[in-house]
Amino acid sequence: KTLAKSNTARGKRTIHPFISPKAVTANELYGYMNRATQEWKDGIFSTVMRDLSNMPDKNPKWIVLDGDIDPEWIESLNTVMDDNKILTLANNERISLHPHMRLIFEVKYVRY
């Protein structure tokens, strides 16, 4: 929050939504396909990432993932964190992580 306020004071309005991935299911986080109706239902992370990706300005945009890293939700971020920097959803939609966007992992403990 402090760095974002500093950026904003220097003229770079920084958007930094917080998401607690362990507080929701993977479907609620990324989205899911309703098998009965074949309709896609967006999740929290996919909605936030798409909204930030579609903003036309180049100001800093950080998605802060607050909480311990868990294999259940982190595995779906592999494509975002590799060289592609693209989130691929179960409905085959692809959302780019632009150069001015960052994922920040805020964990309680850093253990080796």
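The paragraphs below go through a predicted model, from the overall layout to single residues.

Residues are numbered from 1 along each chain as its sequence is written, and side-chain values use heavy atoms, with hydrogens and water left out. As the model is predicted, local features need pLDDT of at least 70 and side-chain atom pairs count only at pLDDT 80 or more, while totals for chains, interfaces and linings use all residues.

The protein chain holds five helices and seven strands. Helices (H or I, at least four residues) and strands (E, at least two) are DSSP runs, numbered from the N terminus. Read from the N terminus on, the order of the elements is α-β-α-β-β-α-β-α-α-β-β-β. Along the principal axes, the C-alpha atoms fill a box of roughly 50 × 40 × 25 Å. Of the 112 residues in the chain, 32% are buried; buried means under 20% relative accessible area, exposed over 50%, and partly exposed in between, with a 1.4 Å probe and protein chains only. Among contacts (heavy atoms within 4.5 Å) with a separation of 6 or more, 61% are between residues 24 or more positions apart.

Two strands pair if DSSP finds at least two bridges between them. Strand 1 (residues 18-19) pairs with strand 4 in the parallel sense over two bridges, and F18 has V64 of strand 4 as its bridge partner. Strand 4 also runs parallel to strand 7, and six bridges join them; here D66 is bridged to E106 of strand 7. Because five of its six residues are buried, strand 4 is largely enclosed by the rest of the structure. F18 has a further feature: the charged end of K1 sits over its ring, 5.7 Å from the centre. For this, NZ of Lys or CZ of Arg must be within 6 Å of the ring centre and within 35 degrees of the ring normal.

The nonpolar core comes next. In soluble globular proteins, nonpolar side chains tend to be buried together. A nonpolar core is a set of buried Ala, Val, Leu, Ile, Met, Phe, Trp, Tyr and Cys residues joined through side-chain atoms within 4.5 Å. The largest one has 20 residues, of which F45, M49, I63, L77 and L87 touch the most other members. F45 is buried at 1% relative accessibility. Beyond its neighbours within four places in sequence, F45 is in contact with I19, L29, Y30, I63, L65, L77, L87 and L103.

The aromatic pairs can be read against this background. Rings of Phe, Tyr and Trp (its six-membered ring) pair if their centres lie within 6.5 Å; planes under 30 degrees apart count as stacked, over 60 as edge-to-face and the rest as tilted. There are two aromatic pairs by this rule. The ring centres of Y30 and F45 are 5.8 Å apart with planes at 70°, so this pair is edge-to-face. Since Y30 lies in helix 2 (residues 26-30) and F45 in helix 3, the pair ties together parts that are 15 residues apart in sequence. Y30 is buried, at 7% relative accessible area. For W73 and F105 the centres are 6.3 Å apart and the planes at 25°, so the pair is stacked. W73 belongs to helix 4 (residues 71-74) and F105 to strand 7 (residues 101-106), so this pair ties together parts that are 32 residues apart in sequence. W73 is buried, with a relative accessible area of 4%, whereas F105 is partly exposed at 28%.

Two polar residues complete the account. R50 is in helix 3 (residues 44-54) and counts as buried because its relative accessibility is 16%. Its side chain makes a polar contact with the side chain of D42 (2.9 Å). A polar contact is a pair of N or O atoms within 3.5 Å; within protein, one must be able to donate a hydrogen and the other to accept it, and residues adjacent in sequence count only if both atoms are side-chain atoms. Leaving aside neighbours within four places in sequence, R50 is in contact with D42, L89, E93 and I95. D57 lies in the loop between helix 3 and strand 4 and is partly exposed, at 30% relative accessible area. A polar atom of the D57 side chain lies 3.0 Å from the backbone nitrogen of N59.
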